[in-house]
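Please look at the sequence and the structure below. The paragraphs after them go through one part of the fold.

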Amino acid sequence: MKILIAGGAGFIGSTIASACRDSGIQPVILDNLVTGRREFTDGRPFYEGDICDGDLIDRIFAEHPDIQTAVDCAALIVVPDSVANPLGYYRENVSKGIQFLEHLVRNHCRNLLFSSSASIYRADAGDFSVDENSAIEPLSPYARTKALFETILRDIAASGALNVISLRYFNPIGADPELRSGLQIRTPTHALGKLIDVHHAGEPFTVTGTDYPTRDGTGIRDYIHVWDLASAHVEAITQFDEVTRTEPYRVINLGTGRGTTVRELVTAFEAVTGTPLTTIDTARRPGDSAGAYARVDLAQEVLGWKAEHSLEDGIRDSLRWYAKRDTVLGD
């Protein structure tokens with residue numbers, strides 16, 4: 001089996017590619033290297049370019065006519081950046097994505113796995129858990145690009161042009177356990193990345209937002225190990241026809257089923273490192289929400305999948321990758 005992974009040189013895409021190879025599935029990588037890394041494509045067929053480049057995608061399918069499924073991980077994902085540059089986010093995540101779909105259909109690739117996001121859910125007070133039918137209320141341009149693209153995919157699937165599984169990611173952490181790849185960005189914007197940076201720098205950690213209606217006032221997230229996330233993609237790829245047999249458009253949450261607040265994340269980080277951290281409380285960032293965590297019954301029912309790694313596993317593997325990152329990546 002062979003698949004095309006758009007965005008396959010990024011953190012999540014490269015980990016999916018490794019999990020596929022380990023399972024006997026050959027990944028073919030397409031990435032423009034705006035945020036992806038060439039180092040993460042070593043030993044894999046790699047095409048440098050954009051998902052909207054029809055000539056390039058035609059060439060990929062001409063050279064790999066046995067590709068039956070595409071995984072679309074190609075997107076900009078930083079919430080504050082999307083608030084500052086919504087036009088760029090709609091261009092990259094929606095406009096170019098539509099062109100990519102046209103190129104897939106033209107090349108008779110009928111199966112698509114879409115990297116969606118839990119950020120599209122409305123953060124309701126209560127226990128903050130959501131399932132695939134929970135209310136949608138994206139609060140940032142980034143989240144709105146994901147919600148809008150899901151609508152587009154639903155309509156296209158209903159027309160019969162594509163079969164689609166939208167996998168709604170919660171909050172990936174960790175790294176490939178073999179450290180073949182990990183978070184490539186040296187100045188991460190997510191909470192765990194910042195925790196690691198301030199831990200090594202001996203600086204305080206800034207808690208952004210302490211007035212959410214959560215159990216301790218800080219945002220709540222579902223931190224899923226990226227290797228668990230990648231394993232779910234392998235299951236979705238191998239079972240794609242069965243999953244979409246009666247419904248051409250399926251949505252599946254990928255999370256652990258456990259919610260962790262920012263303060264609880266700090267406590268877990270301190271337990272793993274054995275080092276206390278000083279924290280500073282500040283206001284919410286533009287576009288942030290209280291958050292949510294996944295109800296994961298459908299993933300287990302449909303894919304036979306559930307997350308196996310703990311929050312502490314994700315923290316440990318993130319720290320291991322941080323220690324090795326500069327020996328894997330160039331400048």
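The axes of helix H1 (residues 11–22) and helix H7 (residues 226–238) cross at roughly 55° and come within 8 Å of each other. Because angles of 65 to 115 degrees count as roughly perpendicular, under 35 as roughly parallel, over 145 as roughly antiparallel and the rest as oblique, H1 is oblique to H7. Axes are lines fitted to C-alpha atoms, for helices over the stretch in contact, with angles from 0 to 180 degrees between N-to-C directions. Helices (H or I, at least four residues) and strands (E, at least two) are DSSP runs, numbered from the N terminus.

This is a predicted model: local features need pLDDT of at least 70, side-chain atom pairs count only at pLDDT 80 or more, and totals for chains, interfaces and linings use all residues. Residues are numbered from 1 along each chain as its sequence is written, and side-chain values use heavy atoms, leaving out hydrogens and water.

Seven strands form an open sheet with parallel pairing, in the order S3-S2-S1-S4-S5-S7-S12; two strands pair if DSSP finds at least two bridges between them. Strands S3 (46–48) and S12 (249–254) are at the edges with a single partner strand each, so one side of each has no neighbour in the sheet.

Strand S1 (residues 2–6) is largely enclosed by the rest of the structure, because five of its five residues are buried (under 20% relative accessible area; exposed is over 50%, partly exposed in between, with a 1.4 Å probe and protein chains only). Lys-2, Leu-4 and Ala-6 lie on one side of S1, and Ile-3 and Ile-5 on the other.
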